[in-house]
Amino acid sequence: GLSETCTVTTLQLDWNPLEVPYDDPAEARRVAAEGSPEDIDELEQRRFHLQAERDVRSLGERLEARAGGDLQAALRMAAVDFTQPEHAGLAFFTPVDQQTWVRAFVEQLGFSIEEAQRAFELLDGPQFGHGDGLVSLGRLESSLRALAEKAPAQEEANDPIAAAFASLVDATSLLEVVSLRYCDLGRTEATALGRALGSPSPHLKALNLWGNNICDRGAEALGKAFETNFGLQYLGLGRNLITHVGLRHLCSSLGVTRLKEKSAADPVVKSLKEKVKERDKMLKAAPPPKVDGSGRERYKPELYVPTCEDFKDAETNQTYWLWTRNIHLKTLVLEHNPITDAQAVWQLQPYGCGDLVLRATPCAEDLRTLLAGSQPASAATASGDGSSAEVAAAELPRPTSAFKG
């Protein structure tokens, strides 16, 4: 790994999807040293089967994400192109060639041609198919059902690929900027990354996960990290599979939340008082700033504790509390995600503490309309081609947020 004296601050592993390692590293070393060609082939076949199973599970999650978490709905969408309308009842069981399969997955589900071809080859391969160039949706569903019964939650929690990616951003990492664009990250990897970020690296300030397959459940895991991670300033999630549901999870611990009831505020205030005491103890025993091999001081955020302060409503004279939570994330990028519900996004504004980038999302134009109706026209400015806008949010209690759509 990287040593304390290294000067590396940025790691880019873009376009590097990892493959499943051998399930028994000790045996792999033995076979490599003294095994026969047949032993090596058997070892590689085992690894190939594990990789194929993992890829099919990932395919199932991508299908669910494209149909609001409903696998059956996704399969019905694909089936539209599999038979003539009068034979729609047979579509699920009808084997089709690669051309028909790819057209359905591209046109009905928004897969890329490469993704659709890979899915077909997996299901026509030796582990799931017959190699005859024909695949049915029924085969896909039965394969996913069998894999769901086979893989216990604990096995997924110890996933070696997810653990490898998470190690780049955990509490031991010296990195300040990590880019994992197009690394085929899905829910399993996002969950591991979320756990690692929740016990935060003392130095990480930017994480770019553009172009992966992170869904709402993965976004929920990442969002939980913001309850305790006050150092990350930039999170890039462009071109994933996140809807307004995942966006809500990402924002749930950010910015300012208004608490109307004393019963809700009291536990928060009590908890924060204890955290202030802990912070003060840590400040008294704080070590000197870390420097790298060139003498540059490493990035490290200040010790931060959220606040919860009471106010009086001027009109009703009722007491309310403003719970200021994570205000350190400055930019959250979600462009090119299937976020369609502009009203749901609009309601997130009180959580705001920075820039929310929503360019090329289905809701971007509706957000422009909502914003134009809430402020003077000069407050919203469109890009030159009129297809997207960069807008400042309606006025909110500080800290404020900004939509970029």
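The structure is a predicted model, in which local features need pLDDT of at least 70, side-chain atom pairs count only at pLDDT 80 or more, and totals for chains, interfaces and linings use all residues. Residues are numbered from 1 along each chain as its sequence is written, and side-chain values use heavy atoms, with hydrogens and water left out.

The protein chain contains 14 helices and 12 strands, where helices (H or I, at least four residues) and strands (E, at least two) are DSSP runs numbered from the N terminus. Of its 405 residues, 45% count as buried, a class defined as under 20% relative accessible area, with exposed set at over 50% and partly exposed in between (1.4 Å probe, protein chains only). The chain exposes about 21100 Å², of which carbon and sulfur atoms supply 53%; accessible areas come from the Shrake-Rupley method with a 1.4 Å probe, and for residues only the protein chains shown count as cover. Among contacts (heavy atoms within 4.5 Å) between residues at least 6 apart in sequence, 72% join residues at least 24 apart.

Strand β7 (residues 319-324) is mostly covered, with 5 of its 6 residues buried. Pairing requires that DSSP finds at least two bridges between two strands, and β7 pairs in the antiparallel sense with strand β5 (residues 256-259) over 4 bridges, Thr 257 having Trp 323 of β7 as its bridge partner. Strand β6 (residues 307-312) also runs antiparallel to β7, to which it is joined by 6 bridges, and here Thr 307 stands opposite Thr 324. The strands β6 and β7 form a hairpin with 6 residues between them. Asn 317, in the loop between these two strands, has a positive phi of about 65 degrees although it is not a glycine, and this residue is exposed, with a relative accessible area of 53%.

The second largest pocket holds about 890 Å³ of space. On a 1 Å grid over the protein atoms alone, a pocket is an open set of points where a 1.4 Å probe fits, with protein on both sides within 12 Å along at least five of seven lines, and lining residues have an atom within 4 Å of a point; grid points are joined across faces, edges and corners, and the volume is the space filled by probe spheres set on the points. The lining comprises 30 residues, of which Met 282, Pro 301, Glu 302, Leu 303 and Tyr 304 lie nearest the centre of the pocket. Helix α12 (residues 262-284) gives the most to this lining, with 5 residues.

Trp 15, in the loop between β1 (10-12) and α1 (25-34), has a positive phi of about 60 degrees although it is not a glycine, and counts as exposed at 59% relative accessibility. Met 77, in helix α3 (residues 71-79), counts as partly exposed at 29% relative accessibility.
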